[in-house]
Amino acid sequence: MIGLVLLALHVQAALPSRPVADAVAPRRPVVAVAGHPSLAGPSRTVVIDAGHGGVDPGMSGPIGARHKIYEKDVTLAVTLKLGKALKARGVKVVYTRTTDTLINLYDRGPIANEAHGDLFISIHVNAANPKWQNAAAARGFETFFLSEAKTEDARRVEAMENSAARYDTGTPTSKGDPLSFILDDMQQNEHLRESMKLADAVQDELATVEPGPDRGVQQAGFVVLGTAFMPAVLVEIGFGSNRADAAYMTNPQSQTKLAGAIADAAVN
């Protein structure tokens with residue numbers, strides 16, 4: 001195992017470093033949008049992932065309601081508005097999906113890697129455990145970064161979102177090779193601090209527009225984050241199992257507010 005670690009470090013050191021020219025590239029004009037922050041310098045790329053899709057509906061709710069909402073629809077609506085908001089702030093946007101189609105869970109991170117994304121943001125909708133006492137009352141928003149889950153609830157959300165892998169078709173890239181595992185772990189750890197900062201920023205901005213309680217920044221082992229080698233977060237914009245949260249997140253004006261808040265966090 002020591003030999004593998006040394007080999008991994010050797011390979012990592014041999015990998016081409018980012019060209020120095022990138023760090024001293026001429027500053028581009030600032031793209032100004034009234035009332036909003038904007039980017040200066042080289043164009044940045046944010047990859048946005050609308051959770052679930054196609055035959056994978058994600059969660060449905062609210063609890064006890066006759067009319068149901070589906071996670072895949074809400075995440076797509078918010079993602080498209082987020083893309084529009086980011087473009088208005090001078091950011092290049094790449095989507096993992098723009099229609100109601102299935103994208104393999106294990107393919108979403110690689111899409112971001114191939115696009116050379118600077119940030120990866122995955123949009124999701126939370127759901128209460130039906131076994132909870134007064135489950136229908138659970139609500140609020142939270143933002144996750146990739147690390148070992150520390151709480152029972154974080155493990156619940158992790159299991160819920162990772163279960164989407166059952167819809168994957170084909171064979172994902174093998175992660176069984178020890179050297180591949182070590183190199184992947186190095187790439188993920190490189191962006192841990194930045195992912196935490198992004199999660200904090202998203203949570204702070206959402207708190208200015210979300211009516212539900214702030215459930216804070218959390219950590220968990222999400223597949224979709226573990227396969228994206230850049231600062232990455234997963235945002236649970238509310239509980240679709242709660243009537244008030246469901247009404248808010250399906251309202252077009254509210255979706256625009258959510259998108260604007262997340263876009264501001266990404267730019268900041």
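P62 is placed in the loop between β2 (60-61) and β3 (69-70), where helices (H or I, at least four residues) and strands (E, at least two) are DSSP runs numbered from the N terminus. The peptide bond from G61 to P62 is cis, with omega near 0°. The model is a predicted one, in which local features need pLDDT of at least 70 and side-chain atom pairs count only at pLDDT 80 or more, while totals for chains, interfaces and linings use all residues. Residues are numbered from 1 along each chain as its sequence is written, and side-chain values use heavy atoms, with hydrogens and water left out.

The protein contains 10 helices and 8 strands. Of its 268 residues, 45% count as buried (buried, under 20% relative accessible area; exposed, over 50%; partly exposed, in between; 1.4 Å probe, protein chains only). Among the contacts (heavy atoms within 4.5 Å) with a separation of 6 or more, 81% involve residues 24 or more positions apart.

Two residues other than glycine have a positive phi in loops. H116, in the loop between α4 and β5, has a phi of about 55° and is exposed, with a relative accessible area of 65%. N134, in the loop between β5 and β6 (141-146), has a phi near 55° and is likewise exposed, at 56% relative accessibility. Most residues other than glycine have a negative phi, and most peptide bonds are trans.

Helix α3 (residues 71-88) packs on helix α10 (residues 252-267) at an angle of about 50°, with the axes 8 Å apart. That angle makes α3 oblique to α10. Axes are lines fitted to C-alpha atoms, for helices over the stretch in contact, and angles run from 0 to 180 degrees between N-to-C directions; angles under 35 degrees count as roughly parallel, over 145 as roughly antiparallel, 65 to 115 as roughly perpendicular and the rest as oblique. On the α3 side, A77, V78, K81, L82, A85 and L86 make the contact, and on the α10 side P252, Q255, T256, A259, G260, I262, A263, A266 and V267. By class, this contact has 11 nonpolar, 3 polar and 1 charged residues (nonpolar: Ala, Val, Leu, Ile, Met, Phe, Trp, Tyr, Cys and Pro; charged: Asp, Glu, Lys and Arg; polar: the others, Gly among them).

The structure holds 8 salt bridges, each a side-chain nitrogen of Lys or Arg within 4 Å of a carboxyl oxygen of Asp or Glu. One of them joins D49 and R108 at 2.6 Å, N to O. D49 lies in strand β1 and R108 in helix α4, 59 residues apart. Both partners are buried, D49 at 1% relative accessible area and R108 at 3%.

R44 and D118 form a salt bridge at 4.0 Å, N to O. R44 is in the loop between α2 (20-23) and β1 (45-50), and D118 in the loop between α4 (105-114) and β5 (119-126), 74 residues apart. R44 is partly exposed at 35% relative accessibility, as is D118 at 25%.

The side chains of R215 and D153 meet at 3.1 Å, N to O. R215 lies in strand β7 (residues 214-220) and D153 in helix α5 (residues 152-162), so the bridge ties together parts 62 residues apart in sequence. R215 is partly exposed, with a relative accessible area of 27%. E142, D153, R156 and R215 are linked in a network of salt bridges.
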